[in-house]
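Here is a short tour to read alongside the model on your screen.

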Amino acid sequence: GALVQSYHLFVPGAPLPIGDLSAAAVRMLGQSFVLGMQIAAPFIVSGMMFYLGLGLLARLMPQVQVFFIVVPIQLALGFLVLALTLSAGLMWFLGAFQTAFQGLFLAR
């Protein structure tokens, strides 16, 4: 029965129906970029605040090489943000992954 039904879906000699596949691929690509930005949001916010503070400090003390001195603090801050948000980011990714694949396989 499945073999006969496959000839109704994929007609021999006719072009393959790739419209649904391309729409699903574009939707998944867009969702993956949104998910990447959501997971990276703590790093983006902490980095922006950190560099805003460094710019203010460089304006207040122009004779000090602020960006040279602050590299170890920047590394430590990055590792701290990573340690605090790693489990939440992974849970966020797994939830989105599960939702995406449930929607992909249960679309019919």
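From the N terminus on, the elements of the chain run α-α-α-α. That makes four helices and zero strands, in what is a predicted model.

**Overall shape and surface**

- If you look along the principal axes, the C-alpha trace of the chain spans about 80 × 25 × 15 Å.
- Buried residues account for 8% of the 108 residues in the chain; to count as buried, a residue needs under 20% relative accessible area.
- The chain has an accessible surface of about 9000 Å², and carbon and sulfur atoms own 77% of that surface.
- Contacts across the sequence are worth a look too: of those between residues at least 6 apart in sequence, 62% join residues at least 24 apart.

**A nonpolar patch on the surface**

- Which residues form the nonpolar patch on the surface? They are Phe43, Val71, Leu75, Phe79, Leu82, Leu86 and Leu90, and together they have about 660 Å² of accessible area.
- Helix 4, which covers residues 71-105, supplies the largest share of the patch, with six residues.
- Phe43 sits in helix 2, which covers residues 19-60.
- Phe43 counts as partly exposed because its relative accessibility is 32%, a value between the 20% and 50% cut-offs.

**Gly78 in helix 4**

- Gly78 has its place in helix 4.
- With a relative accessible area of 30%, Gly78 is partly exposed.
- How many residues apart in sequence are Gly78 and Gly47? The two glycines are 31 residues apart in sequence, while 8.2 Å separates them in space, C-alpha to C-alpha.

- Is Thr99 buried or exposed? Thr99 counts as exposed because its relative accessibility is 54%, and the cut-off for that class is over 50%.
- The side chain of Thr99 reaches back to the backbone oxygen of Gly95, at 2.8 Å.
- Thr99 and Val70 lie 29 residues apart in sequence, and their C-alpha atoms are 41 Å apart in space.

**Ala100 and its partners**

- Ala100 lies in helix 4 as well.
- What is Ala100 in contact with, leaving aside its neighbours within four places in sequence? Its contacts are then Met28 and Gln31.
- Ala100 and Arg27 are 73 residues apart along the chain, and their C-alpha atoms are separated by 9.9 Å.

Conventions:
Residues numbered from 1 in each chain as written. Predicted model: local features only at pLDDT ≥ 70, side-chain atom pairs only at ≥ 80, totals over all residues. Heavy atoms only, no water. Patch = residues over 30% accessible without salt bridge, like charges linked within 9 Å, V, L, I, M, F, W, Y side chains within 5 Å. Areas by Shrake-Rupley, 256 points an atom, 1.4 Å probe, with all protein chains shown as cover. Salt bridge = Lys/Arg side-chain N within 4 Å of Asp/Glu carboxyl O. Helix = DSSP H or I, 4+ residues; strand = E, 2+ residues; numbered from the N terminus. Buried < 20%, exposed > 50% of the residue type's maximum accessible area, 1.4 Å probe, protein only. Contact = heavy atoms within 4.5 Å. Polar contact = N/O pair within 3.5 Å; in protein donor to acceptor, adjacent residues only side chain to side chain.
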